[in-house]
Amino acid sequence: MTTGQLALVDGSKIIIEALAQSGADVFVGYPITPSNWTYKYAKQRMPLFLAAPDEISTLQWMAGLSATGKIPVTSSAFPGIALMVESINMAYAMELPMVIVITQRLGPSTGSATTGAQGDLMFLKGIISGGYPVPVFSPSCFEDAWTLSNKAVETAIKYRTPVFLLTSKEMVMYRKSFDLGRLKPLQKHTHQRQITGEFKPYKPEANDTPAFVPLGDDEFSTRFTASTHDQDGNIRKADPEAMANTKRLRKKFIRNIDDLFAYEWIKSGPSAKTLILTWGITTDAAKDAIKILTRDGKNVDLLVLKTLLPVHQKLYDWLDDYDKIIIAEENLTGQLKEILFGERAPGKVTGVNKIGMMITPGEIVEAVLS
Amino acid sequence: MIETKEKILTGKKFPFCPGCGHGISINQLAKVLEDLGYKPEDIVIVSDIGCSGLIDPLFATHTIHGLHGRSPALGLGVAMGLEQKPGKKTIAFIGDGGATIGLQHILEDARRNVDMTLILLNNLLYGMTGGQISGLSTRKYKEIIDFEKDIPPFDVVKLAYASGARYAVRVNNPKNIKEKIRKAIETEGFSLVEIASLCPSYGMKKLPELMAVADDEEEFENNRPPTHIVSKERNSLFDRERYFSPEFEAHAGKRTGILIAGSAGGGVQSVGAFMAQAAMLSGMQATMKGEYPITVGTGFSVAEVIADKNEINYTGLDNPDIAVIVTEDGLEKVKHRITADTKVYLDEKLTGKIDFSYKKLIIKPFHALVNRKSAALLAVAYVLKKEQLFPLEALKKVLSDHRLKDIFLDTVARVEELE
Ligand code: SF4
């Protein structure tokens with residue numbers, strides 16, 4: 001049953017190894033807890049490792065490197081990510097591929113650096129001025145850490161975009177016995193140059209995304225800009241071509257959402273009318289809760305969302321089929337719940353929420369039974 | 001010299017107000033690049049925000065237009081990315097306002113000394129937003145406008161030099177601009193050219209006025225080779241992973257959670273990992289979590305280990321089955337987590353420190369037998385022997401591959417003295 005590769009590993013190691021195998025080739029970072037181990041492993045593994053003097057520089061260097069064709073990665077927690085926000089918007093508008101690993105910890109502010117949390121989803125929902133979506137993948141287990149890291153690199157390149165990998169302290173600084181042989185070799189992703197007709201830096205090609213031509217290219221001179229721009233990459237005020245380009249930043253994700261969407265739906269049988277919906281680190285407790293409920297003869301389904309943003313509309317159709325929905329996440333207000341349903345969720349939806357400690361299987365069971 | 005020079009500029013009309021000084025520097029740069037035989041594809045112009053940031057459409061080169069004050073950082077990213085492409089040149093522009101907000105980026109560029117040039121157009125003020133002063137507004141200029149005149153400007157040229165820039169220069173006289181830009185472009189490493197620039201709309205309208213209020217010209221060179229950025233493929237992190245094939249038989253079947261509580265320097269984290277690995281050698285699944293203060297060299301150190309014959313999902317340890325407590329720091333940290341079901345293994349020296357009764361308490365003189373670095377290991381070895389979770393031999397096997405195996409195995413052997 002095992003492959004002889006049972007090791008005591010943590011999610012940080014799996015994420016960094018997966019990112020490197022997937023084609024990420026430079027890590028730029030500023031140290032922060034609980035990104036300590038992603039930083040450490042990146043230093044051992046990435047072809048190029050750069051210790052930036054702060055988080056703004058981190059993102060700026062990444063943007064510059066990305067514009068020359070590199071696939072940069074960083075890892076940080078909210079205090080660091082907050083400093084990066086303007087630069088993330090810049091990279092988003094320039095359409096630069098990069099992967100940003102967030103190791104969530106308890107906020108607000110400095111909060112508690114070594115306490116896990118799932119408190120940054122709402123922040124990511126609104127991180128781009130204007131409300132444009134950024135892909136957010138959240139691993140719920142080590143297999144996810146492996147495959148979603150690959151998907152993050154793939155998405156970053158394919159849609160020319162920053163991508164978030166939303167983890168938690170417990171995922172990245174907890175060691176667990178794990179058979180590394182279960183991880184399948186990953187496909188390495190690289191820029192593909194497909195240009196139809198004349199080259200323009202921001203002319204949409206496949207997937208509503210412009211072809212990527214790096215700075216320093218010998219064939220074409222290219223332009224990247226964070227200001228509102230036309231297809232040539234020249235700054236424009238709100239003229240129709242520029243507005244179409246800006247709207248495309250959203251459209252490329254919404255039109256291709258099937259490609260971005262990842263989830264795991266564990267059905268207990270055809271008749272289940274109760275659903276536990278969760279993401280990230282709370283998935284472990286939810287899986288144990290399902291075990292307990294199944295043992296007690298209760299039919300409850302489990303839906304683990306791995307692509308948190310943008311929200312896929314078909315999720316609502318799925319949720320319509322349940323009479324009772326428990327959304328479990330380690331934050332105070334139920335951020336996924338609020339993203340899905342606003343400040344007033346329908347009566348059939350209950351949140352299991354907690355800060356400062358992981359949600360336990362028992363707490364989820366209790367919510368299902370109440 | 002090449003025969004036909006390729007045009008560096010697009011020929012688009014400059015966007016600046018009449019008489020603005022920025023155009024002079026841009027024309028001079030273009031001339032230098034053409035003289036040196038650069039093709040547009042060899043050049044990356046990095047710009048940011050402000051009047052000096054309106055330049056990207058003027059260049060037929062590669063361009064990247066980013067955020068206010070960040071062009072030195074964005075440019076460094078570009079320059080590092082182009083390191084493996086010989087013949088490419090990164091040139092970033094910034095204004096004095098940008099240099100104020102992004103000062104640290106300039107110092108960082110200077111310190112790193114990767115090949116790039118930063119052209120700082122200093123018109124002594126923020127033109128785009130209406131003429132507010134910047135960190136580079138000179139005292140003479142501020143005397144004219146009677147504001148903050150006692151506060152000196154940053155001497156960015158000197159600061160860059162002090163931070164390690166290969167070349168840093170301030171030019172006030174337009175006649176010297178071309179020569180200094182050329183020297184900067186020809187410098188391999190980080191070069192900074194600060195150029196006094198007219199802003200007829202808000203600042204100095206005539207060249208003699210500008211030259212009268214600008215800080216003195218200065219020029220510095222560091223005899224220092226440029227930094228090269230080298231990428232290299234590295235081995236998989238899994239290559240050096242230690243694998244644990246079950247070779248012992250676990251006694252415990254159900255999930256068992258163990259708290260190991262001690263102090264920094266007591267090897268608690270290592271012992272936690274050893275225990276988890278020994279469980280794995282015994283065919284169990286295991287998790288290990290460490291908790292310690294951010295100042296890792298002092299205070300408590302707690303390790304949580306869970307071992308289970310079945311798959312472990314939830315990794316919380318809400319109700320520890322066993323607590324191993326070897327120091328007072330550790331006791332303070334975990335005492336509230338002890339429940340009626342928890343079996344507590346306590347170091348003898350802590351006997352007087354507990355003012356409450358544990359239902360299941362075993363007191364042993366771990367510290368009396370070994371030093372503070374080894375007490376946690378001895379205690380865990382003792383627990384394994386008494387609790388029969390999995391064989392003590394599994395722990396010994398884990399330790400036998402460690403570089404400190406002699407000390408460790410010696411410690412474990414002393415478990416016999418604890419009866
Ligand atoms: S405001 Fe001043 S700096 Fe800006 S374009 Fe006009 S003259 Fe030049």
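Predicted model: local features only at pLDDT ≥ 70, side-chain atom pairs only at ≥ 80, totals over all residues.

Reader: Is Lys180(B) buried or exposed?

Author: The cut-off to keep in mind is that buried means under 20% relative accessible area. Lys180(B) has a relative accessibility of 14%, so Lys180(B) is buried.

Reader: Thanks! How far apart are the closest N and O atoms of Lys354(A) and Glu363(A)?

Author: Let us look at the surroundings of each partner. Lys354(A) is buried at 18% relative accessible area, whereas Glu363(A) is partly exposed at 30%. The two form a salt bridge, and their closest N and O atoms are separated by 3.1 Å.

Reader: Which helix holds both Glu393(B) and Lys396(B)?

Author: Their side chains meet in a salt bridge of 3.2 Å, N to O. Both are partly exposed, Glu393(B) with a relative accessible area of 43% and Lys396(B) with 29%. They are three residues apart, which means about one helical turn lies between them, in helix H13 (residues 392-399) of chain B.

Reader: Which residues are joined into one network by salt bridges that share partners?

Author: Side chains of opposite charge can pair when their charged atoms come close. Here, salt bridges with shared partners link up a single network, made of Asp155(B), Lys158(B), Arg170(B), Glu194(B) and Glu218(B).

Reader: Now the cavities, please. How much space lies in the largest cavity?

Author: Searching the whole structure for cavities of 30 Å³ or more gives two. The lining of the largest one has seven nonpolar, three polar and three charged residues. The space in the largest cavity is about 90 Å³.

Reader: Which residues are closest to the centre of the largest cavity?

Author: The lining holds 13 residues. Those closest to the centre are Asn122(B), Thr138(B), Arg170(B), Glu194(B) and Asp215(B).

Reader: And which strand gives the largest share of the lining of the second largest cavity?

Author: This cavity has a volume of about 40 Å³, and its lining has four nonpolar, six polar and no charged residues. Among the lining residues are Leu166(A), Thr167(A) and Ser168(A). The largest share, three residues, belongs to strand E8 (residues 162-168) of chain A.

Reader: Between which domains does the second largest cavity lie?

Author: The lining tells us, because two domains of chain A both contribute residues to it. The second largest cavity therefore lies between domain 1 (6-182) and domain 3 (263-369) of chain A.

Notes:
Residues numbered from 1 in each chain as written. Chains lettered and ligands numbered in written order. Heavy atoms only, no water. 1 Å grid on protein atoms, 1.4 Å probe; cavity = no way out; pocket = protein on both sides within 12 Å on 5 of 7 lines; lining within 4 Å. Points joined across faces, edges and corners; volume = space filled by probe spheres on them. Nonpolar A, V, L, I, M, F, W, Y, C, P; charged D, E, K, R; others polar. Helix = DSSP H or I, 4+ residues; strand = E, 2+ residues; numbered from the N terminus. Domains from an automatic or database assignment. Salt bridge = Lys/Arg side-chain N within 4 Å of Asp/Glu carboxyl O. Buried < 20%, exposed > 50% of the residue type's maximum accessible area, 1.4 Å probe, protein only.
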